[in-house]
Amino acid sequence: MSANDLKKLSPEQIEAFGKEMDALRARVVADLGERDAEYIRGVVTLQKKLEVAGRGLLFFGFLPPAWLGGVAALSLSKIIDNMEIGHNVMHGQYDWMQDPALTSKNFEWDNTIHGDSWLYTHNYIHHTFTNVVGKDHDATGYGVMRVTDETPWHPIWLLNPVFAALLQTFFQWGTALQELESEKIISGEKSWADAKEGFARFRDKAGKQALKDYVIFPLLSGPGAPFTFAGNAVANIVRNLWASSVIFCGHFPEEVQTFSIEETQDESHAGWYYRQVLGSANFTGGQWVNVLSGNLSYQIEHHLFPDIPAFRYAEMAVEVREICDRYGIDYHEASMARQLGSVWKKIFRYSLPDELPLVNKLPFIGKRTKANAPAAVQNTTVTPLSTVERNKELVGAAS
């Protein structure tokens, strides 16, 4: 297992750190109110206006300025819908408002992944087992990238950069299929029967999304159908590239740490807080980058407090950073460009054989540091999603 800092603090220090995180969370929860409600409602209004403008302009897509403007507006609409609204609402960040349109159990976003699948794979699995290799599917590159030592090298990984680029381009489809763990079906670890319910959810949501973007709206455009079809496709790709870049920057930079199942078996809630900081990274870019990233530019704070309105993370980050400094915990933050560059160095590095002498010498791929030789990932069964009702109970489970 790659080296990490889980044992850097004593158990007493970890518990003290956890109490400070609990106290910060309690203060923010007590302060939630109209300011937060006005913010999210304002963002929803902006997103709706952008969607109307984008789809309206695409009806006149035979005019190049209208097509470009429509694609730009619709891309922004989809990004805001997915990042600042959908992702955060589905974490239960605004359930306290008791607004049916902003409730985690009711929200449906402009994306191919079914809400129930997302609540399970993301809210429960990822946020509970963040970067625990063998449990968190995200930690090992979603099964389609090699980003850790624990994934043994194989000649197929020479295509690692290609797989990463394809994942980014078609990110909404990759996340929609994540619950199926397709790589396990291919390897024989999992049967198609095991994935039957997940595939039904994928077929239902992805089918509706494809029908809307690639059939209904193009047909409504009449003779301009090809322009609307192309505009919707480009807007989806723009959203995919942006969303995946945001996710990559928060989870895969070289400083972000991974953990073994054994290391986290007896983890306390305070230990969970500690692991979230070690397994996350922030990036900077200004107010609009924060909004368009769903405030996942503060990925550390999001992993610490997934059901707190992301609008609050910038304020909370000041205190989280100060607390981490006092405990000697590394707080990873850099510009978005630098974090994304770090991720791509890692992707290229892990495409090469472990024993290749040049791996640690090529400047454009960085240097690998390991505690010991890579070991195969332990096969671990995580309780599957068996019913929609069970899935709905998992909202905010890791908070």
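Reader: Are tyrosine 120 and tyrosine 124 buried or exposed?

Author: Both tyrosine 120 and tyrosine 124 are buried in this predicted model.

Reader: Where do tyrosine 120 and tyrosine 124 lie?

Author: Both sit in helix H4, residues 115–128. They are four residues apart, about one turn of the helix.

Reader: How many aromatic pairs does a search of the whole structure find?

Author: The search finds 17 aromatic pairs. Tyrosine 120 and tyrosine 124 form a pair with ring centres 6.0 Å apart.

Reader: Why is the pair of tyrosine 120 and tyrosine 124 called tilted?

Author: Their planes meet at 35°. Stacked needs under 30 degrees, and edge-to-face needs over 60.

Reader: What makes tyrosine 273 and phenylalanine 305 a tilted pair?

Author: Their ring centres are 6.2 Å apart, and a pair needs centres within 6.5 Å. Their planes stand at 55°, so this pair is tilted.

Reader: Which parts of the chain does the pair of tyrosine 273 and phenylalanine 305 link?

Author: The pair links distant parts, 32 residues apart. Tyrosine 273 is in helix H10 (residues 269–278). Phenylalanine 305 is in the loop between helix H12 (299–304) and helix H13 (313–327).

Reader: Why is tyrosine 273 called buried?

Author: Buried means under 20% relative accessible area. Tyrosine 273 has 1%, so tyrosine 273 is buried.

Reader: Why does phenylalanine 305 count as buried?

Author: Its relative accessibility is 0%, under the 20% limit, so phenylalanine 305 counts as buried.

Reader: What lies over the face of phenylalanine 217?

Author: Arginine 55 does, at 4.0 Å from the ring centre. The limit for that distance is 6 Å.

Conventions:
Residues numbered from 1 in each chain as written. Predicted model: local features only at pLDDT ≥ 70, side-chain atom pairs only at ≥ 80, totals over all residues. Heavy atoms only, no water. Helix = DSSP H or I, 4+ residues; strand = E, 2+ residues; numbered from the N terminus. Buried < 20%, exposed > 50% of the residue type's maximum accessible area, 1.4 Å probe, protein only. Lys NZ or Arg CZ within 6 Å of the ring centre and 35° of its normal.
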